[in-house]
Amino acid sequence: MNPIVKMEDISYKYTKDLVLEHVSLEIPKGAFLAIVGPNGSGKSTLLKLLLGLFKLQKGKIEIFGEDIRRFKAWQKVGFVSQKANSFNSGFPATVFEVVQSGLTKKIGLFKFASKDDKKRVKKALESVDMLGYQNRNIGELSGGQQQRVFIARSLVSEPELMILDEPTVGVDSKNVHQFYEMLEMLNKKLGITLILVTHDVGTVTDKVTHVACLNKKLHFHGDAGEYNELDEGELSSIYGHGVQFLNHDH
Amino acid sequence: MISGILQFEFLQNAFLTGIIIGAIAPLVGVFVVVRRMSMISDALSHVALAGIAFSLLLQKSFLSLAGLNPLYMGMAFSVGGSLFIEKLRGVYKHYQELAIPIIMSGGMGLSVIFISIADGFNTDLYGYLFGSVSAVSRTDLYVILAVGIVVVLTLTLLYKELFLLSFDEEHAKASGIPYKAIHFIFIVMVALVIAASMKIIGILLVSSLMTLPVAASLRFAKGFKQMIGFSILFGEVSVVGGLFLSYNLDLAPGGTIVIIAVLILILSILFDKWKNR
């Protein structure tokens, strides 16, 4: 079966120094992949390339079997960003309005949301367990609840691939575990392929199916079981020294 | 007052125009405010002033142009200014707000030059600066009505895209909507509304009608549609109330409209405080 995402020999630089070096990665359909790596390892750059927000300098990306430069079906791809970066918490929008905005591309220019679209919004809210909050202003919710709303906003267009950039930043630690359980459910029950960028190494490895360790180069790529077998020496050689690995026992 | 409206065409023009701008200025203003672009309307109104001054200069210099409505030139300059702002925001990617003082002072500089060539201030220009009830002609009313229809249609058709762009620009870009084109159309709409509003409210005060009603409804609106509704309501109360007072007390309408909008803003802040006691 063809992979959903196929990256071949990606290199990227902003000014002089390469932030990504010869990265090749294949992501099979149905995977729940965690891309982990320290700050400045090129994780966010890789995501932005994958979302078509940055132009490729070297290498090739295929997404749903199509060259990313020609790819148009972006409604198949859901994106959840670090909410702290991209959203102003005083914004006067209800949860329902926010989730419905996820349908913008799918509904199309000059068209209005239909009854079916509104049903989709409710269904998406239901699957993240936030239906009861649909008429609340988004700014009144906690970080974890807001992030669930943003997941629903991505879910509403029924994506086949969902990309999450450090989604647990701003979610308090006791809700992080629940949050990952919800992602696991989306992956297993709805069959959505997930790519999660995180520094939360310990917590995710028992939820994800695959792990990719990035630090400019791709240092490890395999299934979660293999990753958990790595000993501390091997991990240090991947991340550099001085990084602590906590194994959360949930 | 009511009998005056029935009797005098200029009052009908002023009130009907007022009702149109009382709706479209806050409507555009909602998106301007939530996108943190409030200063853009100030910059564009100063550019529109240059257009008005240029048009008045042409009228004075060339007899054949005496019938030219300054509104057209004001609109042309204002739309032109909006294009320059976009260009400058691209040039100064990391200091995007710089575009605003550049365009604002450029517009003001041009205005002063045109006024001095025309050999000083005249009453027409005074009306444009501070607003005037008597200055609105039937042609102005029709032009402003056309602008109103275009603005309302455009914002209705692009509502969901503009909402997404305002709420989360990064997500809008990632979702693959033509955000550059939409942003551009939006800026042109802002420029048109500014040019349309300046006859009644005055160039120096026009941005207030875009921001004050929005600032007031921001205090308590539940959701975006409600915020638009309240903003338009407050805009209408300010304009209609302001025109009424200005006619009866013989004051400049721009000032009375803005002061009513400020009072509404203060009341809504107090209401919000009282509610969250």
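Two residues are in contact here if their C-beta atoms, placed from the backbone, lie within 7 Å. Keep that in mind for the exercises below, which work through a predicted model.

**Exercise 1. Describe the contact between chain A and chain B, and find which helix of chain A gives the most to it.**

Step 1. Begin with the counts: 20 residues of chain A are in contact with 21 residues of chain B.

Step 2. Next, look for helices on the chain A side. Helix H3 (95-100) and helix H4 (104-107) of chain A each supply at least two residues of the side that touches chain B. The top contributor is H4(A), with three residues.

Step 3. Finally, sort the chain A side by class: eleven residues are nonpolar, seven are polar and two are charged.

**Exercise 2. Classify the crossing of helices H3 and H4 of chain B as roughly parallel, roughly antiparallel, roughly perpendicular or oblique.**

Step 1. Take the geometry: the axes of H3(B) (residues 38-61) and H4(B) (residues 70-91) come within 7 Å and cross at roughly 140 degrees.

Step 2. Compare that angle with the cut-offs. Roughly antiparallel needs an angle over 145 degrees, and roughly perpendicular covers 65 to 115. H3(B) and H4(B) are therefore oblique to each other. Their crossing is right-handed.

Step 3. See who meets whom. Residues of H3(B) including B:Ala43, B:Val47, B:Gly51 and B:Phe54 meet residues of H4(B), among them B:Met73, B:Phe77, B:Gly81 and B:Ile85. By class, this contact has 14 nonpolar, six polar and no charged residues.

**Exercise 3. Check the helix content of two of the spans in chain B that UniProt lists as "transmembrane region".**

Step 1. Collect the spans. The unreviewed UniProt entry places this feature at residues 14-34, 68-86, 98-121, 141-165, 227-245 and 251-271 of chain B.

Step 2. Take residues 68-86 of chain B: the span is 89% helix and 0% strand, and its end C-alpha atoms lie 29 Å apart.

Step 3. Repeat for residues 141-165 of chain B, where the end C-alpha atoms lie 32 Å apart and the span is 96% helix and 0% strand.

Conventions. Residues numbered from 1 in each chain as written. Chains lettered and ligands numbered in written order. Predicted model: local features only at pLDDT ≥ 70, side-chain atom pairs only at ≥ 80, totals over all residues. Axes fitted to C-alpha atoms, helices over the stretch in contact; angles between N-to-C directions. Helix = DSSP H or I, 4+ residues; strand = E, 2+ residues; numbered from the N terminus. Parallel < 35°, antiparallel > 145°, perpendicular 65-115°, else oblique. Left-handed = near helix turned anticlockwise from the far one by under 90°. Nonpolar A, V, L, I, M, F, W, Y, C, P; charged D, E, K, R; others polar. UniProt positions renumbered as here; feature names shortened; annotations may be inferred.
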